[in-house]
Amino acid sequence: MKKITSYILNGQGLGMKFLAGLSVLMALIFAIVIRVQGAAYVPYAQEIADQMLPVKVVNGQIVEPLNTFKMAQIRIEGRDTLLPQGVYVTRTNIYTVNRNQVKVIKIEGDNYIPKGDYTDVFKSWLNWSAVIGGIAGIVILFVLYLILTMFYALCTQVIAKLARRDMAFDSRMRLSAVVLTAAYILFIPLGWLGVSSTLLFLAVMLGALIWFVVKYVPTGKTAAAKAEVW
């Protein structure tokens, strides 16, 4: 605890290493969830492929199957499921329907997709999706956490004024980064245990922790205090 408070009050930097570490951790969890949960849907993807293939495209038009209407129907948890929101294919276009949004993709070139076992292909796509999602997640989460840290640093300034204390901007940033990281790490095991938490609860908890540090931890540098570089 002394090292943490010494780092917050007398350290260097703005707590970016905490945010980077938290981003990597959360992105890794996200990638694992994609990989583990997505594996359960590979058989369903293969089932759709069995119903829709083969498909042959010549000069941007589907020529096989021709004059045929196909609707993919899959069984999930013992129920036959039709997907009104999904992908629709005509001879020349592919339509993706998501709620009230429709996107049109024009079919181009020549291609032939035979009927077969594409389980390994779907697994490979899933693996790459997890990797790409994890890498993108690191960047996106870091930016998000940085914005939240700056917001809570601003809140810390207000709390410090109410508590009649004084904290420099870099100290407030380090405090916000540490508190934000600790809160998220705490909520991860709670979520696994089935304990749900709302954004309001998270905000209140962060505010309470910041108030405690600002109110009860000395904010002035002492001669004996040594700067902790993290």
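**Confidence of the model**

The chain has a mean pLDDT of 79, and 81% of its residues reach 70 or more. Confidence in the chain is highest in helix α2, residues 16–39, with a mean of 91. It is lowest in strand β4, residues 79–82, where the mean is 56. Over residues 220–230 the pLDDT is below 50. Where pLDDT is low, the predicted coordinates should not be read in detail.

**Packing of the helices**

Helix α4, which spans residues 119–162, packs with helix α3, which spans residues 42–52. Their axes are 9 Å apart and the packing angle is about 130°. That angle makes α3 oblique to α4. The crossing of these two helices is right-handed. On the side of α3 the contact is made by Val42, Ala45, Gln46 and Ala49. On the side of α4 it is made by Thr119, Phe122, Lys123 and Leu126. Sorted by class, the contact of α3 with α4 has 5 nonpolar, 2 polar and 1 charged residues.

Helix α2 also packs with α4: the axes of the two come within 7 Å and cross at roughly 145°. Here too the crossing is right-handed. By class, the contact of α2 with α4 has 18 nonpolar, 8 polar and 1 charged residues.

**The sheet β2-β1-β8**

Three strands form an open sheet in the order β2-β1-β8, and the pairing is antiparallel. The edge strands are β2, residues 61–64, and β8, residues 111–113, each of which pairs on one side only. From one strand to the next the twist averages 25°. Strand β1, residues 55–58, pairs with β8 in the antiparallel sense over 3 bridges. Within this pairing, Lys56 has Tyr112 of β8 as its bridge partner.

**The sheet β5-β6-β7**

Another open sheet has 3 strands in the order β5-β6-β7, again with antiparallel pairing. Its edge strands are β5 and β7, and each pairs on one side only. The twist averages 20° from one strand to the next. A hairpin through 3 residues joins β5 to β6. Strand β5 covers residues 87–89 and strand β6 covers residues 93–98; they pair over 3 bridges. In this pair, Val87 stands opposite Thr96, and Tyr88 stands opposite Tyr95. Strand β6 is also joined to strand β7, residues 101–106, by 6 bridges, and these two strands run antiparallel. In that pair, Ile94 stands opposite Ile105 of β7.

In a regular strand the side chains alternate between the two faces of the sheet. This rule may be kept in mind when the strands are viewed in the structure.

| Strand pair | Sense | Bridges |
|---|---|---|
| β1 and β8 | antiparallel | 3 bridges |
| β5 and β6 | antiparallel | 3 bridges |
| β6 and β7 | antiparallel | 6 bridges |

**Backbone geometry in the loops**

Most residues other than glycine have a negative phi, and most peptide bonds are trans. Several places in this chain should be read against that background.

The peptide bond from Leu53 to Pro54 is cis, with omega near 5°. Pro54 lies in the loop between α3 and β1. Pro65 is placed in the loop between β2 and β3, the latter being residues 73–76.

Asn59 has a phi near 50°, which is a positive value in a residue other than glycine. Asn59 is found in the loop between β1 and β2.

Note on methods: Residues are numbered from 1 along each chain as its sequence is written. This is a predicted model: local features need pLDDT of at least 70, side-chain atom pairs count only at pLDDT 80 or more; totals for chains, interfaces and linings use all residues. Side-chain values use heavy atoms; hydrogens and water are left out. Axes are lines fitted to C-alpha atoms, for helices over the stretch in contact, and angles run from 0 to 180 degrees between N-to-C directions. Helices (H or I, at least four residues) and strands (E, at least two) are DSSP runs, numbered from the N terminus. Angles under 35 degrees count as roughly parallel, over 145 as roughly antiparallel, 65 to 115 as roughly perpendicular and the rest as oblique. A crossing is left-handed if the near helix is turned anticlockwise from the far one by less than a right angle, and right-handed if clockwise. Contact means heavy atoms within 4.5 Å. Ala, Val, Leu, Ile, Met, Phe, Trp, Tyr, Cys and Pro count as nonpolar, Asp, Glu, Lys and Arg as charged, and the others, Gly among them, as polar. Two strands pair if DSSP finds at least two bridges between them. pLDDT is the predictor's confidence in each residue, from 0 to 100.
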